[in-house]
Amino acid sequence: MRVITGTARGKRLGQLSGTDTRPTTDRVKEGIFNIIQFDIEGRRVLDLFAGTGQMGIECLSRGAAHCTFVDHRREAVRLIRDNLRLTGLADRASVLQAEAPECLRRMRQTFHLIFLDPPYQTDLLENALKTVAAIDILAENGIIICESPLERELPELPAPYRRGREYRYGKIKVTLYRKDVSAR
C-alpha cells in the first residue's frame with residue numbers, strides 16, 4: 001500500500017495485521033482519485049472508518065488543507081498517526097478514536113470530501129450516509145465517496161444531496177453523493 005502521488009508519493013504505508021481492516025485496493029484507490037482529482041486541493045476531508053488512513057493521506061499528499069481521521073480501534077489510530085509521521089503530513093491532520101455515529105453527531109465543521117468505507121457486513125454505511133445528510137456536514141458542492149460490495153444498493157438522500165454515478169471495480173462498487181446547492 002503506497003501513496004500514489006503528491007508530496008508523499010511512493011511512501012509505503014504501514015498496515016494493520018488481521019482481517020478487521022480491509023484496505024482499499026490500489027486499483028480502486030487509483031480509480032477514486034482519478035474521479036476526484038480536481039476536488040482535493042485546499043479542501044477539508046473526513047476519512048471516517050479510516051483504518052490505515054490511506055485515503056485521507058492520499059488527499060493530504062495531493063494538497064488537501066486538512067483531514068480528520070476517525071476510527072474506533074486504538075491500534076488503527078496508532079497506525080494512522082505513524083503513517084502521518086512517515087509521510088510528513090501530521091501537521092494538517094486530526095486523528096480521533098471514536099465510534100463513527102457518535103463522532104458524526106458531535107461534528108461542528110463541514111467537509112468538502114467525506115470517505116465512507118466501513119466493514120461491509122454492517123449497516124454502518126447507510127447509517128453514516130443518513131447522519132451526514134441529517135446534520136449537514138458536507139460543504140456546498142461537496143462529495144461523499146462510498147465503497148461497498150457490488151450488490152449493495154445504497155439509499156437516496158433528501159435534497160440537496162443526490163446520489164451520483166456508481167463505478168464498478170470487480171466485486172467493489174464506489175458510489176458518489178454530491179451536495180448540489182442548485183437543487184434546493
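1. In this predicted model, helix H1, spanning residues 26–36, lies across strands S4, S5, S6 and S7 (172–179), and its direction runs at about 140° to that of S6. Helix H3, residues 74–87, also packs on the sheet, where it touches strand S2 (66–71) and S3, making an angle of about 170° with the direction of S3.

2. The sheet itself is open and mixed in its pairing, with seven strands in the order S3-S2-S1-S4-S5-S7-S6. Strands S3 (93–97) and S6 (161–169) stand at the edges, and because each has a single partner strand, one side of each is left without a neighbour in the sheet. From one strand to the next, the twist averages 15°.

3. Strand S4, residues 111–116, pairs with S5 in the parallel sense over five bridges, and Phe115 has Ile145 in S5 as its bridge partner. Both Phe115 and Ile145 are listed, along with Ile32, Ile36, Phe69 and Leu84, as the residues with the most contacts inside the largest nonpolar core, which has 34 residues.

4. Ile32 touches Met55, Phe115, Ile145, Tyr169 and Val174, leaving aside residues up to four places away in sequence.

5. Residues up to four places away in sequence aside, Gly142 touches His112, Tyr177, Arg178 and Lys179; Arg178 is 36 residues from Gly142 along the chain, yet their C-alpha atoms are separated by 5.7 Å.

How values were computed
Residues numbered from 1 in each chain as written. Predicted model: local features only at pLDDT ≥ 70, side-chain atom pairs only at ≥ 80, totals over all residues. Heavy atoms only, no water. Contact = heavy atoms within 4.5 Å. Core = buried A, V, L, I, M, F, W, Y, C linked by side-chain atoms within 4.5 Å. Buried < 20%, exposed > 50% of the residue type's maximum accessible area, 1.4 Å probe, protein only. Pairing = 2+ DSSP bridges. Helix = DSSP H or I, 4+ residues; strand = E, 2+ residues; numbered from the N terminus. Axes fitted to C-alpha atoms, helices over the stretch in contact; angles between N-to-C directions.
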